[in-house]
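Let's walk through this structure together, one residue at a time. Have the sequence and the model open beside you as you read.

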Amino acid sequence: MAKTGTTTQGLRAAIERSGYYPALVAEAVEAAVGGEPIVSYLVHQETTFDSNEVRRHVTVLVLTGTRFIVSHTDEQAADSTSPTPYATTSTESVKLNRISSVVVSRVVANPEKYVPGSLPREVLLTIGWGAVSRIDLEPAACGDPNCEADHGYTGSSTADDLSLRVSEAGDGPDTVRQTLAFAQALSEATAATAATVTTGSGR
């Protein structure tokens with residue numbers, strides 16, 4: 001389930017419609033947003049299966065004129081640290097000029113028959129701002145197949161702070177459409193911020 005829009009009232013309504021501890025989620029998100037006007041938002045609830053337990057969690061993404069805010073809430077069963085079930089909510093506020101990448105991966109069925117404007121079957125939105133990086137290493141090699149020298153390692157570092165996957169089959173076409181809309185708004189905002197910084201530094 002996902003909802004997107006541009007107003008504080010709409011954000012609160014989308015959180016309430018998700019039905020996932022709305023008072024808790026809304027309070028955390030609204031405290032992080034403060035008095036800033038909202039440019040765009042996305043509310044995505046997901047259900048996962050952990051052994052014999054069904055667990056739900058919700059992610060709220062908010063774009064303001066200066067920041068990207070991500071909030072995540074999930075629930076936990078009673079355990080050795082708590083005799084009763086509990087939920088954990090976290091929020092992070094990121095300045096737009098810190099966002100290094102907005103990656104949108106689209107999965108399209110029957111690509112030879114693709115019609116421009118059609119919704120993809122699945123969308124993976126990955127946003128990086130340097131808080132978490134994934135490093136993939138593998139042994140380096142040269143062009144000589146008979147070479148036995150140690151060439152060290154080669155690899156790549158990928159920003160992977162947030163990944164959100166939605167599909168038409170699991171979440172519905174509206175969710176896919178709304179995720180694309182939020183991704184576009186975020187990409188445009190980061191591009192505008194980068195242009196402003198470049199113009200300012202050139203003066």
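S71 is buried, with a relative accessible area of 1%; buried means under 20% relative accessible area, exposed over 50%, and partly exposed in between, using a 1.4 Å probe and protein chains only. Before going further, please note that this is a predicted model, in which local features need pLDDT of at least 70 and side-chain atom pairs count only at pLDDT 80 or more, while totals for chains, interfaces and linings use all residues. Residues are numbered from 1 along each chain as its sequence is written, and side-chain values use heavy atoms, with hydrogens and water left out.

You will find S71 in strand β4, residues 67-76. Helices (H or I, at least four residues) and strands (E, at least two) are DSSP runs, numbered from the N terminus. Leaving aside residues up to four places away in sequence, S71 touches V29, V58, T59, V60, T89, S90 and T91, where contact means heavy atoms within 4.5 Å. With S90, a polar atom of the S71 side chain lies 3.4 Å from the backbone oxygen.

Now let's turn to the backbone in two loops. Most residues other than glycine have a negative phi. Y21, however, has a positive phi, near 40°. Y21 sits in the loop between α1 (8-18) and α2 (22-33), and is partly exposed at 36% relative accessibility.

N110 is not a glycine either, yet its phi is positive at about 45°. Look for N110 in the loop between β6 (101-107) and β7 (122-128). With 48% relative accessibility, N110 counts as partly exposed.

Technical notes
Polar contact = N/O pair within 3.5 Å; in protein donor to acceptor, adjacent residues only side chain to side chain.
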